[in-house]
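Good morning, everyone, and thank you for making time for this. Please take a moment with the sequence and the model on the screen, and then I will walk you through a few places in it.

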Amino acid sequence: MLARVEISKTTQHHHKGGVFRAEVNVDIIQNTVLRAESVMEDLYLAINDARNKIQKQIQTYKTKLEV
């Protein structure tokens, strides 16, 4: 399993609204990729939101494998 995390500003001139972007890509065996993205005003909120989204996707994927 390989995870890639990207954190960036959406633009240098944008000061209101979704300024920070966090993206997580998790490559899983069998050519499966899980992806989560979040754009928010606060960097840490964007990171936490993307983490929560990817955790939910991983849990769903694991549940499907168990069935």
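This is a predicted model: local features need pLDDT of at least 70, side-chain atom pairs count only at pLDDT 80 or more; totals for chains, interfaces and linings use all residues.

Let me start with a side chain: that of arginine 21 makes a polar contact with the side chain of glutamate 6, at 3.0 Å, where a polar contact is a pair of N or O atoms within 3.5 Å, one able to donate a hydrogen and the other to accept it, and where residues adjacent in sequence count only if both atoms are side-chain atoms. A polar contact of 2.9 Å also joins the side chains of arginine 21 and glutamate 37.

Residues are numbered from 1 along each chain as its sequence is written, and side-chain values use heavy atoms, with hydrogens and water left out.

Is arginine 21 buried or exposed? With a relative accessible area of 17%, arginine 21 is buried, since buried means under 20%, exposed over 50% and partly exposed in between, using a 1.4 Å probe and protein chains only.

Arginine 21 is found in strand E2; strands here are DSSP runs of at least two residues (E) and helices are runs of at least four (H or I), numbered from the N terminus. The order of the open sheet of three strands is E1-E2-E3, with antiparallel pairing, and two strands pair if DSSP finds at least two bridges between them. Strand E1 (2–9) and E3 stand at the edges with a single partner strand each, so one side of each is left without a neighbour in the sheet. E1 and E2 are joined by eight bridges, and isoleucine 7 stands opposite alanine 22 in E2.

Most residues other than glycine have a negative phi. Glutamine 30, although not a glycine, has a positive phi of about 70°, and asparagine 31, also not a glycine, has a positive phi of about 55°. Glutamine 30 is exposed, with a relative accessible area of 61%, and asparagine 31 is exposed too, with 82%.

Finally, asparagine 52 has its place in helix H1 (residues 43–66), and asparagine 52 counts as partly exposed because its relative accessibility is 40%.
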